[in-house]
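Me: I would like to learn how to read helix packing and nonpolar cores. Please take me through them step by step.

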Amino acid sequence: MAEDKSWGGGTPAEAPEYVFHRMKAWDAAVERRQTDPSSETSGTEIQIELPDGSRRSGVKGQTTPMQIAESISEGLARNALVALVNDAMWDLERPLEGDCSLKICDFEADEGKTVLWHSTAHMLGEAMEYKYKGELCIGPPLEDGFYYDIYLGEAKTVHEDDFKDLENRVDKIAKSKRKFQRMELTKQEAKEMFGYNRFKMELIERMEEGTTITAYRDGPFIDLCRGPHIPNSARVKALMVRKASSAYWLGNAENPSLQRVYGIAFPDKAKLKDYKTLLQEAAKRDHRLVGRNQELFFFNPLSPGCGFFLPHGARIYNTLINFIREEYWNRGYEEVISPNVFDFQLWETSGHAQNYRDNMFSFEVEKRDFGLKPMNCPGHCVIYGSRSRSYRELPLRLAEFGVLHRNELSGTLGGLIRVRRFVQDDAHIFCMPEQVKDEIVAYLEFMKHVYDIFGFQFELELSTRPEDYLGDANLWNVAEAELTEALEKFTGKPCGEGWQLNPGDGAFYGPKIDIKVFDALKRKHQCATVQLDFQQPLRFDLTYRGSGSQQTTTQQDGRAEAEGGDIQRPVIIHRAIYGSIERFLAIITEHFGGKWPFWLSPRQVCIVPVSEPYIDYGRQVQNKIRARKFFVDVDSSDKTLAKKVREAQLAQYNFILVVGEKEKAEGSVNVRTRENLVRGSKQVDVDSSDKT
């Protein structure tokens, strides 16, 4: 590869020795395949269906998605980044292997962004190898860019001063117009190629024999990778290295500490310019900054990852909860309260002890293991199972604003977005199988009602049966069909229009619908979710008596209870709209930029007396307004009127009420808004002799 002049964005002399080792192993693998008769293509004709329903003919093992794109239009091929073949991402230059559906994706598609960012991560990884001579670990795409981890030893770190050099190196790699080449390796070939790197070797050793292992090469750089990748490095026109931080290998604090470098890339420079503008606006809206400036919340190292909510922050927090609580009342939910601490026997029953114990806070009491609850569902199963149930009680919608704790790694904590102590607007609906669809539709309508009030747009994804699913496949098929019908009924549109399919990404206990919201800056956030669960009813042996022949008996407490009837298992619907109250508060803080709508505002009204003689009247007005359950303060300082009004506007009070001699005499206030719109004089029905 001596003709490639962009080695690591530098020169071949900078290349670590392992670069040449990888290339030698790759070339040997290529040579073996050229002499392998099984590598010959079949030449069989195949049919390729395009999104508009039209068909193209191709040759198995020869025709590529890029060739199809070129046959459609030059512009489509020029902007293409990846293909979807039978809904799975596929390299544009990789030959098709049979009859298939085909969609070509550019940067406007999520798949196009993912692949461009993944390929740029490879370029950044190469630049880091040449600059630091370390061991690369993993470099995945994210929802907003990508990162690459590298091991540099315990003492060495990546600094912000390095970012410009890394960007220049990646720019040189991109401009070299390298093609990305894919190769399937045996486990032995992979170990030979990456044997110098302990982290890659650990990943390889975890793979079972017979697993398809793939590597990608662009120029002199080769990496262990599932792919796919962009067809040509020149698709990357603009790059920004965003930040660097420390991370543990595989997220385990007992593993080596790595350097993680984050970046983002675009297919044109204008998009990078827009992104930088977005970052500047996002910095102004950062919930940590707004929270400090508006005295909403803070953090203290005495309780890492746990927010301290100040009076004005608690006002927003409680308003959010009360809003949902009122909706619960209107929509037939029953609120419950369950313990914060449980014997680990509960988590053994639910399965969380096996799969989630490391993320829990646990301790021993009287030689018994206990844990702080990280979720509400097992406790709600105990509540449901506390007595026998009849089909007449279903659906039973149990809601709880329970305090939860999760032992998140300290390096992952960040403001209110990722915390250790939080509350969810959590509810679990216990219902009969035939009630699932109607309950899902009702939940989606509930969710839309809430998000409309906050001004959120959202998208829906149906996540289906994963490889490690539990239970009967036929039951999964029925559940997925019901969720599909619910989505179609709610949106009025089929898959691909009103909602998307996310194959294989369901929870192990049931399929789910993920809802992602877009804030005022068009950033995407995961908040709401609704999931079906067939496993917890089995684990907790939850049942109800069906509608067969029954007789009614009276229990000692006077409660009527059904006997007889067929015993059946309920389905549990896990659902949330805010998700974590803390995280949702962070999102809406940045969504509104600290300019709270009146109903949610912690500073709704500020009364500004023009001078000291009118402070008492101002307090009378305050008492009248406060009696109506509004948040109202009086500025009794000796500052000038103009300064007090301006400070109230900057503090984001929705309304500023100025009071002086005229207002006192008339029992009125002079109203203006934080946008400095003067609304004029308004009566407030204040008795000037009232001192309450």
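Me: At roughly what angle do the axes of helix α10 and helix α17 cross?

Reply: Two packed helices are described by the angle between their axes and the distance between the axes. This is a predicted model, in which local features need pLDDT of at least 70 and side-chain atom pairs count only at pLDDT 80 or more, while totals for chains, interfaces and linings use all residues. Residues are numbered from 1 along each chain as its sequence is written, and side-chain values use heavy atoms, without hydrogens and water. Here α10 (residues 311-330) and α17 (residues 581-592) cross at roughly 110 degrees, and their axes come within 11 Å. Axes are lines fitted to C-alpha atoms, for helices over the stretch in contact, with angles from 0 to 180 degrees between N-to-C directions. Helices are DSSP runs (H or I, at least four residues), numbered from the N terminus. The angle makes α10 roughly perpendicular to α17 (65 to 115 degrees; under 35 is roughly parallel, over 145 roughly antiparallel, the rest oblique).

Me: Which residues of α10 and α17 make the contact?

Reply: Contact means heavy atoms within 4.5 Å. From α10 come I316, Y317, L320 and I321, and from α17 come I581, E582, F584, L585 and I588. By class, eight are nonpolar, none is polar and one is charged. Asp, Glu, Lys and Arg count as charged; Ala, Val, Leu, Ile, Met, Phe, Trp, Tyr, Cys and Pro as nonpolar; the others, Gly among them, as polar.

Me: How many residues does the largest nonpolar core have?

Reply: A nonpolar core is a set of buried Ala, Val, Leu, Ile, Met, Phe, Trp, Tyr and Cys residues joined through side-chain atoms within 4.5 Å. Buried means under 20% relative accessible area, exposed over 50%, partly exposed in between (1.4 Å probe, protein chains only). The largest core has 57 residues, and L320, I440, Y451 and F454 have the most contacts inside it. Helix α14 (residues 436-454) gives the most to this core, ten residues. Apart from it lies another core of 42 residues, among them V115 and L152.

Me: What does I440 touch?

Reply: Leaving out residues up to four places away in sequence, I440 touches L483, A486, I513, V530, L532 and I573.

Me: At roughly what angle do α14 and α15 cross?

Reply: The axes of α14 and helix α15 (residues 473-491) cross at roughly 40 degrees and come within 9 Å. The two helices are therefore oblique to each other.
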